[in-house]
Amino acid sequence: KCSSEEWIYQLDFRGNAVKKDEYLQLFADCGWEFILQHDRWFYFRKKKEPADADIAIFSDRDSKINMCKRIINGRLRVNVGLFGLSCVIALITVFTDFFRSGESVLFPVNAWINDFLKAAIPWIGIGLLLVSSYSFYEYGKIRKRIDALKNPIK
């Protein structure tokens, strides 16, 4: 048996150009223990002490704003690309008979793979359109949070 301990967990989002050793050392110097990295998200923890009422990695507005901007910039290019691809698929599906005609061949080796792709690609396009639209909605929420952090009086 051991005594239960309370931990505080915090996340940070960093770009690809981060110098990982220096970055982790900065948090270690502030008492944060590095847990893991997933993609560009870094997970940290720190034992909660009685003196810690509200402890956070980002204690000031500017650092919170910078983290929100990193999240937006880190994901926006991929999302714009997926949205563009879904629009192209939707336009081809709606305005041409490419996926409906028997003459178009996407994968010439097997007929059933070709038929499957012709049936699935429009649905994939719709899925990408929905996912990227939801991501744009989430970006809007983060943008509103940035505005609220910049203007706390409003």
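Start by selecting helix α3, residues 111-150: its 40 residues reach 57 Å from first C-alpha to last, close to the expected 58 Å (1.5 Å times one less than the number of residues). Helices here are DSSP runs of H or I, at least four residues, and strands are runs of E, at least two, numbered from the N terminus. This is a predicted model, so local features need pLDDT of at least 70, side-chain atom pairs count only at pLDDT 80 or more, and totals for chains, interfaces and linings use all residues. Numbering runs from 1 along each chain as its sequence is written, and side-chain values use heavy atoms, with hydrogens and water left out.

Zoom in on Ala120, where α3 bends by about 30 degrees (the angle between axes fitted to the seven residues ending there and the seven starting there). Pro122 follows within four residues.

Now select Tyr23, Leu24, Phe27, Trp32, Phe42, Phe44 and Ile57, the residues with the most contacts inside the largest nonpolar core, which has 13 residues. Such a core is a set of buried Ala, Val, Leu, Ile, Met, Phe, Trp, Tyr and Cys residues joined through side-chain atoms within 4.5 Å. β1, α1, β3 and α2 each supply at least two residues, and α1 gives the most, three. Apart from this core lies another, of six residues, among them Ile72 and Tyr139.

Last stop: Pro152, in the segment after α3. The C-alpha atoms of Pro152 and Arg61 are separated by 9.3 Å, although 91 residues apart along the chain.

Note on methods: Buried < 20%, exposed > 50% of the residue type's maximum accessible area, 1.4 Å probe, protein only.
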